[in-house]
Amino acid sequence: MITNTELEYKGNLYPNQVTDYQKDSDKFYLTTENGVILEITVIRNSVLRFRYATQHTFEPDFSYAIDPDASRGFNELLEEETTTDYRIFTSKLQILVDKKTLRVQISDLEGNILNEDELGFHWEENYEHGGNTVKMSKITQPSESFYGMGDKATHTNLKGRRVHNWVTDQYAYGKDQEPLYKAVPFFIGLHDNRAYGIFFDNTFRTHFDFSHERRNITSFWADGGEMNYYFFYGPAISRVVQAYTDLTGTPELPPLWSLGYHQSKWSYYPEKRVKEIARKFRKLKIPCDALYLDIDYMDGFRCFTWDKKHFPDPKRMISELEEEGFKTVVMIDPGIKVDREYSVYQEGMENDYFCKRADGPVMTGKVWPGPCAFPDYTDPKVREWWAGLYESFIKDSGLHAVWNDMNEPAVMEVPTKTAPLDTRHNYDGNPCSHRKAHNIYGMQMVRATYDGVKKYVFPKRPFVITRAAYAGTQRFACTWTGDNVATWEHLWIANVQVQRMCMSGYSFVGSDIGGFAEQPNGELFARWVQLGVFHPFCRVHSSGDHGDQEPWSFDAEVTGIVRKFIELRYQLLPYLYTMFWRYAKEGVPMLKSLVYYDQEDTQTHFRTDEFVFGDHFLVCPIQEPNAKGRRMYIPRGNWYNFWTGELVTGGSERWVASDIDKIPLFIKEGAIIPKYPVQQYVGEKTIEQLTLSVYYKEGDEQSTIYEDAGEGYDYKKGGYSVRNFRLRGKPKELIIQQFKDGTYITPYKSFKINLNGLPFKISKVEVDNEKVPLESVRLNGDNSIEVDKNFNVLHLIGR
Ligand code: GLC
């Protein structure tokens with residue numbers, strides 16, 4: 001219905017004339033004649049929040065995504081009114097709101113437009129469900145590119161695409177198919193070398209159109225809830241990603257073993273088979289830290305139970321595996337079998353913990369055991385109960401970690417693949433339907449699991465995995481990209497998805513290496529492992545329908561290649577752990593797409609395959625059979641080919657040779673890469689010496705190594721060791737300074753320094769300004785020296 005106070009166009013309603021303006025410390029309220037209120041909150045100098053109410057009424061302000069510990073605070077806030085607009089100034093941004101239309105324009109202090117509304121906020125009343133479809137349209141700036149958005153299996157740059165967020169069990173999904181398992185409504189826009197980000201914190205089904213429908217328009221909308229988005233200003237992409245990640249949080253440090261190699265399959269059973277797998281890893285000397293038990297360990301797919309026929313004594317088995325250096329990870333799904341004899345079902349029914357339909361009865365749907373009820377994890381008391389279920393489960397078996405699956409929630413034999421939309425949820429005291437709770441259901445499940453596992457594995461650290469996720473889930477769990485397929489295209493997809501997740505604040509992620517559905521050949525498996533060892537989470541998992549997918553399931557050559565790459569991962573554990581620490585502490589993504597790495601270079605804006613692992617490795621997978629190498633883009637700067645030692649200058653595409661036993665891999669000049677010896681599992685060996693691979697550079701470069709006990713919480717009380725290295729290379733000199741922090745005493749006494757690319761012969765070595773005899777530090781050959789780990793300055797002088 002058109003009223004004379006509201007603007008209506010094609011069924012949409014628009015705000016009109018601003019009639020009231022109020023400021024309340026960090027918040028500004030602008031109210032229009034037709035009852036729209038825009039609330040602008042200044043969160044940080046370069047982080048803003050925009051929220052719109054219609055009919056003068058905001059919804060309760062509640063979010064599962066926002067980290068309670070997110071940073072807040074700004075140092076400047078000014079306002080100004082002109083005849084046409086209201087203006088707000090922070091120390092980084094100016095915001096202009098048009099008085100006639102409520103449209104917003106955001107610029108930097110020089111007046112460069114970062115982001116501006118086209119139609120801005122508008123809405124459509126929803127007479128079927130109540131509430132509104134809330135919409136926002138913005139002008140796409142010239143040459144603007146878009147990144148982020150979680151697990152979308154499409155090109156890194158989202159320009160020209162439309163995507164949707166509705167977490168979905170998408171078995172054997174394809175390229176460009178979506179929605180998939182995650183809903184991360186966060187994107188990065190980049191134009192004129194300036195980046196900004198928008199996080200649309202709305203848990204209903206959301207939609208984003210990046211210049212797809214209209215070439216110069218970017219829009220996003222939701223099927224319900226509020227137009228409620230955060231704006232982050234860069235100008236560097238890294239700042240945008242860090243600000244988003246700060247707002248939605250990061251995980252604590254995981255146990256170091258979780259960064260090792262993991263082996264999974266649907267399913268390893270009985271016990272004898274699990275033991276055989278374990279033995280084979282040790283026999284073939286292929287490092288491995290964890291074995292996974294999929295649904296078949298359960299008694300008739302009842303969560304928190306064991307099939308006593310196949311696993312007569314889980315505690316003994318798990319402890320025996322532990323003696324061999326294996327952790328055991330078990331699956332828990334949300335579907336609780338409807339079975340009056342089953343205690344979890346009984347407790348859920350007695351205490352009213354299960355989700356109900358709008359008309360009253362408990363919501364049931366089919367999963368592995370047949371009809372199931374689903375705990376309402378959006379109810380705090382249900383989360384507490386769920387967390388508590390892990391107490392005896394963990395204590396009685398000694399298991400190490402939990403894997404939550406099917407938590408979209410996935411429901412079988414219904415076209416929607418999920419719970420009915422009228423299903424009711426508590427939503428932490430803001431009762432709602434599944435339309436609103438769907439996207440966070442899995443997140444709240446894994447949150448409860450995390451709380452339980454954390455409590456009951458204490459004083460060890462928890463490790464929990466989830467398949468479904470909404471923005472912020474990274475605080476609780478590691479994740480994987482779901483049911484992919486053993487094809488070359490899926491190797492490409494895995495690469496894009498893991499990079500995209502990292503750019504979306506969620507770094508602890510990996511794919512089912514080798515593919516879940518169908519069977520890879522040895523070549524595909526080897527190529528996938530070569531990529532997978534550079535993903536934060538490194539696990540082989542498969543449906544098991546089509547044969548085995550262990551490192552030895554192909555031929556001896558493949559086994560050898562797989563071993564070599566898993567060994568490389570184990571050597572790089574201190575490097576990987578340092579990446580994780582920077583992610584956890586500062587929100588720095590563990591993998592960086594090239595555009596993140598060098599946004600100024602427009603060549604990077606459409607690159608998809610290459611990525612930077614940590615700060616210093618450049619990786620590019622081989623994605624087709626029979627390849628002897630590939631063309632790839634080397635970003636600007638000088639890079640050492642990891643395999644040949646050749647120094648190449650970036651800024652162009654080039655052919656890189658890479659036979660089946662290699663992956664294109666480069667190291668940034670000036671890097672200092674820490675390495676542990678190969679171990680069969682984390683903690684197998686006491687690290688007697690730390691290898692530092694030093695890559696000479698004429699100029700400066702920084703490197704960092706973070707270490708701690710790899711378990712427990714001493715690190716929170718200073719029990720860590722940080723080594724910051726500053727490398728300075730001159731034509732006949734190399735100076736390495738070390739700055740140390742923390743009270744953790746690393747077990748090794750010395751560094752073995754491997755020198756790469758040194759353009760001179762060493763004639764003199766000084767440690768902390770004292771000359772040391774060359775013979776006493778030189779190790780076999782000219783290019784390695786041994787130095788005490790506590791040095792402050794190492795000075796190599798050449799002839
Ligand atoms: C789902 C999971 C898969 C698991 C299977 C059986 O398809 O994504 O990883 O193996 O269920 O539990």
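Since the model is predicted, local features need pLDDT of at least 70 and side-chain atom pairs count only at pLDDT 80 or more, while totals for chains, interfaces and linings use all residues.

Now to the charged side chains. Side chains of opposite charge can pair when their charged atoms come close. Counting a salt bridge as a side-chain nitrogen of Lys or Arg within 4 Å of a carboxyl oxygen of Asp or Glu, the structure has 58 of them. One of these joins R44 to D246, with 3.4 Å between the closest N and O atoms. That pair links distant parts of the chain, as R44 sits in strand β5 (residues 37–44) and D246 in helix α1 (residues 237–248), 202 residues apart. Helices (H or I, at least four residues) and strands (E, at least two) are DSSP runs here, numbered from the N terminus. For accessibility, buried means under 20% relative accessible area, exposed over 50%, and partly exposed in between (1.4 Å probe, protein chains only). R44 comes out partly exposed at 28%, and D246 is partly exposed too, at 25%.

R49 and D61 make another salt bridge, their closest N and O atoms being 2.8 Å apart. R49 belongs to strand β6 (residues 47–53) and D61 to the loop between β6 and β7 (78–81), so this pair ties together parts that are twelve residues apart in sequence. R49 is buried, at 8% relative accessible area, whereas D61 is partly exposed at 49%. Both residues also belong to a network of salt bridges that links E39, R49, R51, D61 and E226.

E124 and K135 meet in a salt bridge as well, at 2.6 Å from N to O. Here strand β11 (residues 113–125) supplies E124 and strand β12 (residues 132–139) supplies K135, eleven residues apart. E124 counts as partly exposed at 31% relative accessibility, but K135 is buried at 14%.

As for sheets, two strands pair if DSSP finds at least two bridges between them. An open, antiparallel sheet of three strands runs in the order β24-β26-β25, with β24 (336–337) and β25 (364–367) as the edge strands, each pairing on one side only. Two bridges join β24 to β26 (residues 370–373), and K337 has C372 as its bridge partner in β26. Elsewhere, β49 (residues 750–756) pairs with β53 (residues 784–788) in the antiparallel sense over five bridges; S750 partners D788 there.

Finally, the helices. Helix α7 (residues 488–503) packs against helix α8 (residues 522–532) at an angle of about 5°, with the axes 10 Å apart. Axes are lines fitted to C-alpha atoms, for helices over the stretch in contact, and angles run from 0 to 180 degrees between N-to-C directions. That makes α7 roughly parallel to α8, given that angles under 35 degrees count as roughly parallel, over 145 as roughly antiparallel, 65 to 115 as roughly perpendicular and the rest as oblique. The contact (heavy atoms within 4.5 Å) involves W488, H490, L491, A494 and N495 of α7 and E523, L524, R527, W528 and L531 of α8.

Note on methods. Residues are numbered from 1 along each chain as its sequence is written. Side-chain values use heavy atoms; hydrogens and water are left out.
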